[in-house]
Amino acid sequence: GDKNHQVRQAAFNLAERLHDDRTVNLLLNCAVSEDSELATGAIRCLGKLKPAGASAQLISVLQTTRHTDRALACCQALGQIGDAAGLQALARILAAKGWFYLGRRYDAKVRGAAAFALRALPPSTVAEALIPLLNDQDSRVRRVARTYIQSR
């Protein structure tokens with residue numbers, strides 16, 4: 001929780017090397033911190049560690065946060081972890097139509113990160129999620145979907 005960026009980065013590097021249950025629990029607690037920089041760093045670290053069971057909390061953070069940087073970090077971490085729960089959460093972000101349809105509209109950066117993160121997941125399940133995005137209004141999302149589907 002140190003405010004100094006260099007100290008905080010050193011702590012995250014140490015957490016990556018330790019990679020034990022206590023460290024993962026500490027990172028999961030930091031991921032829901034009020035301090036956005038701390039939470040974002042913890043989420044990125046969790047993505048690198050790929051701990052079992054972290055996806056559920058990352059999905060919860062993703063669904064509740066109003067901070068773009070946290071949502072971006074969650075998308076990236078879910079892509080790195082690469083489990084089925086992450087696939088469903090990322091697909092929901094891409095399918096969100098906005099408040100008019102009683103859903104949540106995500107920032108274009110977050111949608112782009114979600115589409116890019118889907119590329120890291122198993123190909124057989126991702127193609128289904130990306131096909132409806134070939135005609136998405138966001139050019140980044142369309143480009144990722146088209147590139148992924150054409151490469152298969």
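K50 is partly exposed, with a relative accessible area of 48% (buried means under 20% relative accessible area, exposed means over 50%, and partly exposed is in between, using a 1.4 Å probe and protein chains only). Keep in mind that this is a predicted model, where local features need pLDDT of at least 70, side-chain atom pairs count only at pLDDT 80 or more, and totals for chains, interfaces and linings use all residues. Residues are numbered from 1 along each chain as its sequence is written, and side-chain values use heavy atoms, with hydrogens and water left out.

Back to K50: you'll find this residue in the loop between α3 and α4 (54-64). Its phi is near 55°, a positive value in a residue other than glycine. H19 also has a positive phi, about 45°, and is not a glycine either. H19 sits in the loop between α1 (5-18) and α2 (21-30).

**The whole chain**

What is the chain built from? There are 9 helices and 0 strands (helices are DSSP runs of H or I with at least four residues, strands are runs of E with at least two, and both are numbered from the N terminus). Buried residues make up 45% of the 152 residues. The C-alpha trace spans about 45 × 35 × 25 Å along its principal axes. A compact globule with 152 residues would have a radius of gyration near 15 Å, and the chain agrees with that because its value is 16 Å (taken over C-alpha atoms, with the globule rule being 2.2 Å times the number of residues to the power 0.38). Among contacts with a separation of 6 or more, 60% join residues 24 or more positions apart (contact means heavy atoms within 4.5 Å).

**Two helix pairs**

Two packed helices are described by the angle between their axes and the distance between the axes. The axes are lines fitted to C-alpha atoms, for helices over the stretch in contact, and the angles run from 0 to 180 degrees between N-to-C directions.

Start with helix α3 (residues 36-49) and helix α5 (residues 68-81), whose axes come within 8 Å and cross at roughly 10°. That makes α3 roughly parallel to α5 (angles under 35 degrees count as roughly parallel, over 145 as roughly antiparallel, 65 to 115 as roughly perpendicular, and the rest as oblique). The contact includes A39, I43 and L46 of α3 along with A73, C74 and A77 of α5. By class, this contact has 7 nonpolar, 5 polar and 4 charged residues (Ala, Val, Leu, Ile, Met, Phe, Trp, Tyr, Cys and Pro count as nonpolar, Asp, Glu, Lys and Arg as charged, and the others, Gly among them, as polar).

Now take helix α6 (residues 84-95) and helix α7 (residues 108-118), which pack at about 140° with their axes 9 Å apart. That makes α6 oblique to α7. On the α6 side the contact uses L87, L90, I93 and L94, and on the α7 side its residues include V110, R111 and A114. The residues of this contact divide into 9 nonpolar, no polar and 1 charged.

**A few single residues**

R140 is in helix α9 (residues 139-151), and Q150 lies in helix α9 too. Not counting residues up to four places away in sequence, R140 touches A108 and K109. Here is how three residues score for accessibility:

| Residue | Relative accessible area | Class |
|---|---|---|
| H19 | 40% | partly exposed |
| R140 | 36% | partly exposed |
| Q150 | 61% | exposed |

How far apart in space are Q150 and K48? They are 28 Å apart, C-alpha to C-alpha, and 102 residues apart in sequence.
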